[in-house]
Amino acid sequence: MNIKDRVEKLRQLMRANQMEAYIIPSYDAHQSEYVAEHWKGREWISGFTGSAGTVVITLEDAGLWTDGRYYIQAEEQLAGSGIRLFRMADPEVPFYSEWLADVLKEGSVVGFDGNVFSIQMVRRMEKDLQAKSISLHVNQDFIGALWEDRPEIPKGTVFTHDVRYAGKSRTAKLNEVRTEMNKLGANYYCLTSLDDIAWLLNIRGADVPNNPVVISNVIVAEHTSYLFIDSGKVPSVVRLELEAEGIALREYDEIHSFLGNLSSGDTIIFDTNKTNSRVYNAINSHTKKVEHPDITTHLKAIKNEVEIKNMKWCEIKDGTAMVKFIKWLKTAVGQEEITEIAAEEKLEDFRRAQEGCVGPSFDTIAGYGEHAALMHYKATAETQYTLKNEGLFLVDSGGQYYDGTTDITRTIVLGQLTDEQKRDFTLVLKGFIALSSVKFLYGATGSNLDVLARQPIWQYGIDYKCGTGHGVGFFLNVHEGPQGISTRNNTVVLEKGMILTNEPGIYLEGKYGIRTENMMLVTEDEKTEFGQFMRFDTITYCPIDLAGIKIELLTESEKQWLNHYHQEVYTKLAPYLNEEESAWLKEETRGI
């Protein structure tokens, strides 16, 4: 079936069930950003492959709501499908449930699969639709009924993440969680977020591409914890280790009956943004419910000293791979045929040669020319370009290592640039340096600092329609909350030990894209009578292409920052390079 056929089959099911609209989000049963193939129903119904977006099908119309990262990509992939693009980051565009309230008749029925919608999202829809008495049918998995060759839920093997990497035992982590549970007056805590579960129990897996997580749920009780998981995925040695520390294993689907058997004397905590509505509806109606952000999320965000030490070593390994790749690329372009995919594969080879590398931390974005203007471009055999000795090549990539997760972007100069390209490369660098070098008072959030990265770009009437930075996990998800740097109001205070990215950019449709990205560690600076000051320590080590810079646009302090950074890059990486590579890096990190 093509996309139009799939939408028509869905409409037939809707008519048979007296339903006027059906909604398909991007999430799995754990509200994950990146999901296993089994849960890519939105991609299956629409053909849009981006990681974020929601499709709404009515009997007469269809739309995809996605954010600014994907506007160009979505327009291309939706062409001819009959599904319209709603640019959800634009101020005049209604939220999809607001749109439904406008276009549907009084008393209409809207359906969706409650497994893939959070409690909070269902409540938002109920609020938007109540004025027209539009009802929600929450257990309608129409995608499962139509998708004949739907992949199974993954059955990857679980393994232990050693405490020499994690820095803290699962028992210590569980004790911290129970302390917070006691403060909230609860004897049960329901945890469904996959990266939080992996962090809490010091386990990892391969159930989601590039994300070493395990499809599972956890309930923490006062003395015992319960891991709900496909038992066939857990080797006996891991099972024995978990059980020895008071963690009982149950089958994945048993969580619903477990929650139903809680008593009126019990109190359970859960996160309404992470817990799906089917899990919520399974909780005994007489059990007291405490709605609270996941306890583990904040604990996980603040890296311990062992994690920080490991991450810094991991970044040296990753920087070594990047330097080898950039040197190879600059030498080989023009001498041999190199496509976007060939470059992507070569970089992965360099990474996998590093000790402890498990694989990429996300699908590499390797975009040449106008492809780089697609923020989350993914090269295919049909779309890929062959690189030439001219223009810009953007590579956004990262690695999963036992001792950390990395995320780095470099825009590489392959040859002659226009004045406009060099100007924009330099504007991005100026914003990047401003955020890298800021000193801020404790209590600041990422929303307070975002303007620093945008200001040099705004001066030229340009903006980028995405955040400036996100948290990064430790051998976990490359995107990790609760901290972030963006224009969206984020109330999370930046704490010592948090790790974030710094990645301003300029994206000109049909022309080129430029992004520079490092990872940064939040650390303490001086303390005065005015309070504790904080700063970012850069922990990514890789040269920024000097051939892209209009030096006259940089201030003396910006030049000083760049020269100091490049000196640190050379000092950190040279010991792990051969003589030829070291000499090349010396030139790439020369002072300006």
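Q: Buried means under 20% relative accessible area, exposed means over 50%, and partly exposed is in between. In this predicted model, is E581 buried, partly exposed or exposed?

A: Start with the number: E581 has a relative accessibility of 11%. The cut-off for buried is under 20%, so E581 counts as buried.

Q: Which residue does E581 meet in a salt bridge, and in which helix does that partner sit?

A: The side chain of E581 meets that of K324, at 3.0 Å from N to O. This pair ties together distant parts of the chain, 257 residues apart. E581 is in helix 19 (residues 579–588), while K324 is in helix 14 (residues 305–332).

Q: Are E243 and R239 buried, partly exposed or exposed?

A: E243 comes in at 38% relative accessibility, and R239 has a relative accessible area of 25%. The in-between class runs from the 20% cut-off to the 50% one. So E243 counts as partly exposed, and R239 is likewise partly exposed.

Q: How far apart are the closest N and O atoms in the salt bridge between R454 and D450?

A: Both residues lie in helix 17 (residues 446–458), four residues apart, or about one turn of the helix. R454 and D450 are also both buried. Their closest N and O atoms are separated by 2.5 Å.

Q: Which residues join D195 and D196 in a network of salt bridges?

A: A search of the whole structure turns up 42 salt bridges. In one network, D195 and D196 are linked with K300, K303 and E480.

Q: Now for helix 8: within what arc do its buried residues fall?

A: Helix 8 covers residues 170–183, and its buried residues are R170, K173, L174, V177, R178 and M181. Looking down the axis, you'd see these buried residues line one face of the helix, so they fall within an arc of 140°.

Q: Which residues of helix 8 are exposed on the other side, and which residue just after the helix takes a positive phi?

A: On the other side of helix 8, the exposed residues are N182 and K183. Just past the end of helix 8, a positive phi of about 70° belongs to G185.

Terms used
Residues are numbered from 1 along each chain as its sequence is written. This is a predicted model: local features need pLDDT of at least 70, side-chain atom pairs count only at pLDDT 80 or more; totals for chains, interfaces and linings use all residues. Side-chain values use heavy atoms; hydrogens and water are left out. Helices (H or I, at least four residues) and strands (E, at least two) are DSSP runs, numbered from the N terminus. The expected span of a helix is 1.5 Å times one less than its number of residues. Buried means under 20% relative accessible area, exposed over 50%, partly exposed in between (1.4 Å probe, protein chains only). The arc is that of the directions from the helix axis to the C-beta atoms. A salt bridge is a side-chain nitrogen of Lys or Arg within 4 Å of a carboxyl oxygen of Asp or Glu.
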